[in-house]
Amino acid sequence: MLKPLPPSTLISLVAEKYPMIKLVTYIIGLFDPYGIDHSERVAFLCMDIARKMNLPEDKVEHLELAALLHDVGKLGIPEGIRAKPGALTEAEYFMMKQHPLIGRLILEHMNGRISREVHAAIYHHHENWDGSGYPEGLAGNAIPLQARIIRIADTYDAITHTRGYRMPVEKDEAIQIMVRDQEAQNLFDPDIFKIFLSVMQTGRHV
């Protein structure tokens, strides 16, 4: 059985082509040590999903870059909200939902070599298949493909790792939670979600 690479090796796959990545991820780590580990795990799972989908390597590269940077906009969220141990108020949640827009604005000032595809994936990674997500409430195939993949991987990692407001759950329980949510609300691209479930059967992700 294949074993996952240590998450820290993922950055090296794009660092040579996008040298600012190491700097940006270092800055993210200074503000939020959890955040960089989270983004690396999300990138690793996204790559497994993408390769199971037989996406071209350039699409996989763009997906990896977007996944590594998907939460960069949280640098613009006040720490009192970003690291709050309890539930967010309505106003705080509204502020938190601005991080995809902040992320897009940050990217626009980073490096012209980052494709619009990466920008779109970061901006739309909280959209839901049924149109209930944010920032624009896109639905179905109107959501960029990479964003749909990140949405699933991001959700799984958030459930299985500690956040300030709740404890993590084990892999099998996390998958059960996501299946129930999918059946109740259709949050994820159904075809990609099936591929995600297939990937999880390999045991490469915990």
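Tutor: A polar contact is a pair of N or O atoms within 3.5 Å, one able to donate a hydrogen and the other to accept it. Please keep in mind, as we apply this, that the model is predicted.

Student: What makes the pairing of the side chains of Lys 84 and Glu 92 a polar contact?

Tutor: The side chains of Lys 84 and Glu 92 are joined at 2.7 Å, and because the cut-off is 3.5 Å, the pair qualifies. Lys 84 itself lies in the loop between helix H5 (79-82) and helix H6 (90-96), and a polar atom of its side chain also lies 3.1 Å from the backbone oxygen of Ala 87.

Student: Why is Lys 84 called partly exposed?

Tutor: Its relative accessible area is 23%, and since buried means under 20% and exposed over 50%, Lys 84 falls in between and counts as partly exposed.

Student: How do you know that Asp 157 and Arg 41 form a salt bridge?

Tutor: The closest N and O atoms of Asp 157 and Arg 41 are 2.6 Å apart, and because a salt bridge requires a side-chain nitrogen of Lys or Arg within 4 Å of a carboxyl oxygen of Asp or Glu, the pair meets the criterion.

Student: Is Asp 157 buried or exposed, and what value decides the matter?

Tutor: Asp 157 has a relative accessible area of 4%, and as the limit for buried is under 20%, Asp 157 is buried.

Student: What makes the pair Lys 74 and Asp 71 a salt bridge, and how is each residue classed?

Tutor: Their side chains meet at 3.6 Å, N to O, and because the cut-off is 4 Å, this pair also qualifies. Lys 74, with a relative accessible area of 18%, and Asp 71, at 10%, are both under the 20% limit, and therefore Lys 74 is buried and Asp 71 is buried too.

Student: Which residues have the most contacts inside the largest nonpolar core, and what surrounds Phe 196?

Tutor: That core has 44 residues, and those with the most contacts inside it are Leu 45, Cys 46, Ile 150, Tyr 156, Met 178 and Phe 196. Among the helices that each supply at least two residues of this core are H3, H9, H10 and H11. Leaving aside neighbours within four places in sequence, Phe 196 is in contact with Leu 45, Ile 49, Ile 152, Tyr 156 and Met 178.

Technical notes. Residues numbered from 1 in each chain as written. Predicted model: local features only at pLDDT ≥ 70, side-chain atom pairs only at ≥ 80, totals over all residues. Heavy atoms only, no water. Core = buried A, V, L, I, M, F, W, Y, C linked by side-chain atoms within 4.5 Å. Buried < 20%, exposed > 50% of the residue type's maximum accessible area, 1.4 Å probe, protein only. Helix = DSSP H or I, 4+ residues; strand = E, 2+ residues; numbered from the N terminus. Contact = heavy atoms within 4.5 Å.
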